[in-house]
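Reader: Before I use a model of this kind, I would like to learn how its features should be read. Could you take me through them one by one?

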Amino acid sequence: MYRLFAFFGLVVLTVSQVVAQQPVTPGKEHEFLKEQVGEWDVVFDGNMKGKSVYAMTHSGLWLESKVEMDMPQGKFTGTGLDSYDPAKKKYVGIWIDSMSTSPIVMEGDLDPKTKTITMLGKGPGPDGKMVDVKMSTEYKDKNSHSFKLWMGNIQGDPIMSAIYTRKK
């Protein structure tokens, strides 16, 4: 009998917590991310070309990016989810792609002067072991931005860069 009362008490407590939680609504940081919605041409490391499509998802809280490009090793695909977490007061992101089975999870800040979001996190390196990761995106204007990626040595030169240009 005690177990039955404990179970129902737990159910009531859980339901009341879910009902009491207010839904998150998009804020000005999400509006900043929303400016990227659309189709983009991408040039990676100056010579490899690809494309990217951005869309707001999940009630306008997440910017989803899908990237495709042909590499000498074959087709590369990747998907990113970026948002702003008002509780942390940080931008947050998750990246998955066709070169790894582990996600990269990051968080960071926007420098309002340079319109650059820099995020730090952990992700799998080329050998599969977890390494420090840094991603930086500078939003030059509404039709172009540049991206840089560091893995392992995040103080040195980036291992990859890309220029995004909005399709007309």
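Author: Let us begin with burial, where buried means under 20% relative accessible area, exposed over 50% and partly exposed in between, using a 1.4 Å probe and protein chains only; T137 counts as buried because its relative accessibility is 12%. This is a predicted model, in which local features need pLDDT of at least 70 and side-chain atom pairs count only at pLDDT 80 or more, while totals for chains, interfaces and linings use all residues. Residues are numbered from 1 along each chain as its sequence is written, and side-chain values use heavy atoms, with hydrogens and water left out.

Reader: Which residues does T137 touch, not counting those up to four places away in sequence?

Author: Contact means heavy atoms within 4.5 Å, and on that basis T137 touches K115, T116, I117, H145, S146 and F147. T137 itself belongs to strand 8, residues 130-141, strands being DSSP runs of E with at least two residues, numbered from the N terminus.

Reader: How should I read the pairing of strands, and what do the ten strands form?

Author: Strands of a sheet pair through backbone hydrogen bonds, either parallel or antiparallel. Two strands count as paired if DSSP finds at least two bridges between them; here ten strands form a closed barrel in the order 1-2-3-4-5-6-7-8-9-10, with antiparallel pairing.

Notes
Helix = DSSP H or I, 4+ residues; strand = E, 2+ residues; numbered from the N terminus.
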